[in-house]
Amino acid sequence: MRNFFKYYRNALVWAFLILVLCTMPVKGIVTFKLIDLISFDKLAHMGLFAIQFWFLAIAHLKQYVFSYKRSAVGIRAFTITVLYGGFIELLQGYVLSGRTMDIMDMLANIIGAIIGWLVFFYFKQRAKKIN
């Protein structure tokens, strides 16, 4: 169990940060648009979930207790990240008052996970070339 927290600490802390940020009341949050189609909120979702993917993928690679977790790292991290994003949206829609479930937020979460996957894949390929 100690090894689990050793490798997944960053992913768990980041998941908690996402939970706190996504469940905050929206009254005091300033909403402005960078351009009409992409709001700051959606960019924040993309960034949060790209980083969540990164932390999960790195944790899967570093741990050695369960060797099966090192195979198909991208698929595992993507699935966990997207499911967590869906959980957050369901929590907003059905449990929290003052928050609403938004399909565009979920889409931004998925795009963020894809961005995280692409960045991870780029660095993984780069590391292979160096070695």
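Visitor: Where does the model come from?
Guide: This is a predicted model, where local features need pLDDT of at least 70, side-chain atom pairs count only at pLDDT 80 or more, and totals for chains, interfaces and linings use all residues. Residues are numbered from 1 along each chain as its sequence is written, and side-chain values use heavy atoms, with hydrogens and water left out.

Visitor: Which residues make up the largest nonpolar core?
Guide: Nine residues: Tyr8, Ala11, Phe53, Leu56, Ala57, Ala59, Val73, Ala77 and Phe120. A nonpolar core is a set of buried Ala, Val, Leu, Ile, Met, Phe, Trp, Tyr and Cys residues joined through side-chain atoms within 4.5 Å; buried means under 20% relative accessible area (1.4 Å probe, protein chains only).

Visitor: And which elements give two or more residues to this core?
Guide: Helix 1 (2-23), helix 2 (40-62) and helix 3 (73-94). Helix 2 gives the largest share, four residues.

Visitor: What is Ala11 in contact with, leaving aside neighbours within four places in sequence?
Guide: Ala11 is in contact (heavy atoms within 4.5 Å) with Gln52, Phe55 and Leu56. Another core of eight residues lies apart from the largest one, with Trp14, Ala15, Ile18 and Ile88 among them.

Visitor: Changing topic, how many of the residues count as buried?
Guide: 32% of the 131 residues.

How values were computed: Buried < 20%, exposed > 50% of the residue type's maximum accessible area, 1.4 Å probe, protein only.
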